[in-house]
Amino acid sequence: MIALACAALFAASLDVSHYVENKDPAVRASLETFRDRKLGLMMHFGLYSQAGIIESWPLVDDDAHWSRREIERDVPADAFKRGYYALNKSFNPVRYRPEAWADAAVRGGFKYVVFTTKHHDGFCLHDTKFTDYKTTDPSCPFSSNPRADVVKTLFDACRARGLGVTAYFSKADWHHPDYWDNRGVGIRTTRNPSFEIESDLPRWKRFQDFTRNQILELVRNYGPIDALWLDGGWIHGEGPKSLNLHDVVAEARRTTPGLIAIDRWQCTDCEDVITPEQCVPDEPIGVPWESCITLADHWGYHYDDCYKSAREVIHLLVDVVAKGGNLALNVGPMPDGRLPHPAVERLERLGDWLGKNGAAIYGTRVQAPYKSGPWAFTRSKDGKRVFAICLWKAGERELRTQLLPAAKELGAPKRVVHLASGKEIPFAARADGGVVLAFPADFARDECADAFEIFR
Ligand code: GLC
């Protein structure tokens, strides 16, 4: 098993010794593209967005201590569960504009989206044939909207703009009758099936078939999909008690050769990308990875959420990229289908920064010493270009000189060029091999971070 210990937000020690390298050349090519893209916009959107509560988890009695905190204490668990499931009857994001989401992603410098086609609550944002619990069923008021198939309209808008597409899909389905008895009403629910799988293998087989059908439907009818992001890591293994994902993924790859499979936390050949959650590994880990991190405090929309600053987000992205990973930055769209204003503001600032400094981010690979003090390092894939990115602290205003530390891996610089302005920065070499950059008086510093190309 992968040991993931999140000491605090943004720091994790990760043991990836069990990572299974995919030998399929088509998948390896997709993984190269994936690693070049660096930045994905993740969006959690579903029934929970309307209520502004935690996604799906409040349905689980075992997890109620943290997930049901926002829910009125005097609502009995069963009444709550019934009310949650009935949210499909009021789901109506009339201001949902897939083009607006995709445009915001492009403006923000994102190269792909990761979208919740179905979260653990089982509500599908697409026109699946395998359940009525979906945006396109007449039981949902949004079904009469031309954009009722949220997944299709979003994926089409993304692909039309050159964005990659990752389909988030929950393996657990707390609405399916072959997962929980009686939709969890009248029983104490855990994240697991409410019955012993061994004791009713035919029932589990029905759930296996349902999952397989839904995954293949996404791949066949909503493609081309670049990656399948399979959440619900507690359902695992092979054989009759599993979901046989190895076979399902193999079948999906007959439709989409090179499809990336992200069966989270399984260490099998269906986990092509490691996905640390709300944290970043301490150091480069040498395998494809993508940290999913919320822009605010929650995955789904919350009415009083607290958004990270543009500086925090830019620094986070640089940290991730300097360690060789991707960042899936999550935004929860609002109940009416628009992106929250504070999110849009941050994305625009991020996009401005990437517009000037993107050469040091996209398509890069790790460059030792990776990070050192306020500096982070990257290089182009062919190794010809090396970049140093300085992360400015809030309130650091009067900067005239800055030490670029000695790093034997970098070699002695001959020229240092500020990426955003294209201006050469004078510097003085020190005996230890470090250089002191002397910024000219008219140097226009970025508020958050500046990237420099180091010519050796
Ligand atoms: C956590 C949450 C889940 C969310 C996921 C995204 O596992 O429990 O609800 O979808 O993170 O990475």
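Where is Asn182 placed? Select Asn182 in this predicted model: its place is in the loop between β5 (164–170) and α7. Asn182 is not a glycine, yet its phi is positive, about 50°. The residue counts as exposed, because its relative accessibility of 57% is over the 50% cut-off. For a sense of scale, select Thr364 as well: the C-alpha atoms of Asn182 and Thr364 are 50 Å apart in space, and the two residues are 182 apart in sequence.

**Thr189**

Stay in the loop between β5 and α7, which also holds Thr189. Is Thr189 buried or exposed? Thr189 is buried, at 1% relative accessible area. Show the side chain of Thr189 and the backbone oxygen of Leu59: a polar atom of that side chain lies 2.9 Å from the oxygen. Then display what else Thr189 touches. Leaving out residues up to four places away in sequence, its contacts are Leu59, Val60, Asp61, Asp62, Lys81, Trp180 and Gly184.

**The ligand**

Select the ligand next. The space that the ligand takes is the largest pocket. Which residues surround the ligand? They are His44, Glu55, Trp57, His119, Tyr168, Trp229, Asp231, Arg264, Glu277, Cys292 and Trp299.

- His44: a polar atom of its side chain lies 2.7 Å from an oxygen atom of the ligand.
- His119: here a polar side-chain atom is 2.8 Å from an oxygen atom of the ligand.
- Tyr168: an N or O atom in its side chain is 3.3 Å from an oxygen atom of the ligand.

On its own the ligand has 300 Å² of accessible area, and the protein covers 90% of that.

**Trp265**

Move on to Trp265, in the loop between β7 (260–263) and β8 (290–294). Trp265 has a positive phi of about 65° and is not a glycine. Its relative accessible area is 16%, so Trp265 counts as buried, the cut-off being under 20%. Asn182, with its own positive phi of about 50°, is exposed.

**Helix α6**

Now select residues 150–160, helix α6. Which residues of α6 are buried? Colour Val150, Val151, Thr153, Leu154, Phe155, Ala157 and Cys158, which are the buried residues of this helix. In an α-helix, residues three or four places apart point the same way, because there are 3.6 residues a turn. To see what lies over the buried residues of α6, show β3 (39–43), α5 (98–107), β4 (112–118), β5 and α7, which are included in their cover. Step off the end of the helix to Gly162: just after α6, this glycine takes a positive phi of about 80°.

**Two cis peptide bonds**

Which residues does the cis peptide bond with omega about 0° join? Select Gly223 and Pro224, which are joined by that bond. Pro224 is found in the loop between α7 (201–221) and β6 (227–231).

Go on to Ala368 and Pro369. The peptide bond from Ala368 to Pro369 is also cis, with omega near 10°. Where is Pro369 found? Pro369 is in strand β10, which takes in residues 364–372. The tour ends in this strand.

Terms used. Residues are numbered from 1 along each chain as its sequence is written. This is a predicted model: local features need pLDDT of at least 70, side-chain atom pairs count only at pLDDT 80 or more; totals for chains, interfaces and linings use all residues. Side-chain values use heavy atoms; hydrogens and water are left out. Helices (H or I, at least four residues) and strands (E, at least two) are DSSP runs, numbered from the N terminus. Buried means under 20% relative accessible area, exposed over 50%, partly exposed in between (1.4 Å probe, protein chains only). A polar contact is a pair of N or O atoms within 3.5 Å; within protein, one must be able to donate a hydrogen and the other to accept it, and residues adjacent in sequence count only if both atoms are side-chain atoms. Contact means heavy atoms within 4.5 Å. A residue is near a molecule or strand if one of its heavy atoms lies within 4 Å of it. Accessible areas come from the Shrake-Rupley method with a 1.4 Å probe; for residues, only the protein chains shown count as cover. On a 1 Å grid over the protein atoms alone, a cavity is a set of points where a 1.4 Å probe fits but cannot get out, and a pocket is an open set with protein on both sides within 12 Å along at least five of seven lines; lining residues have an atom within 4 Å of a point. A molecule sits in a cavity or pocket if more than half of its atoms lie within 2 Å of its grid points.
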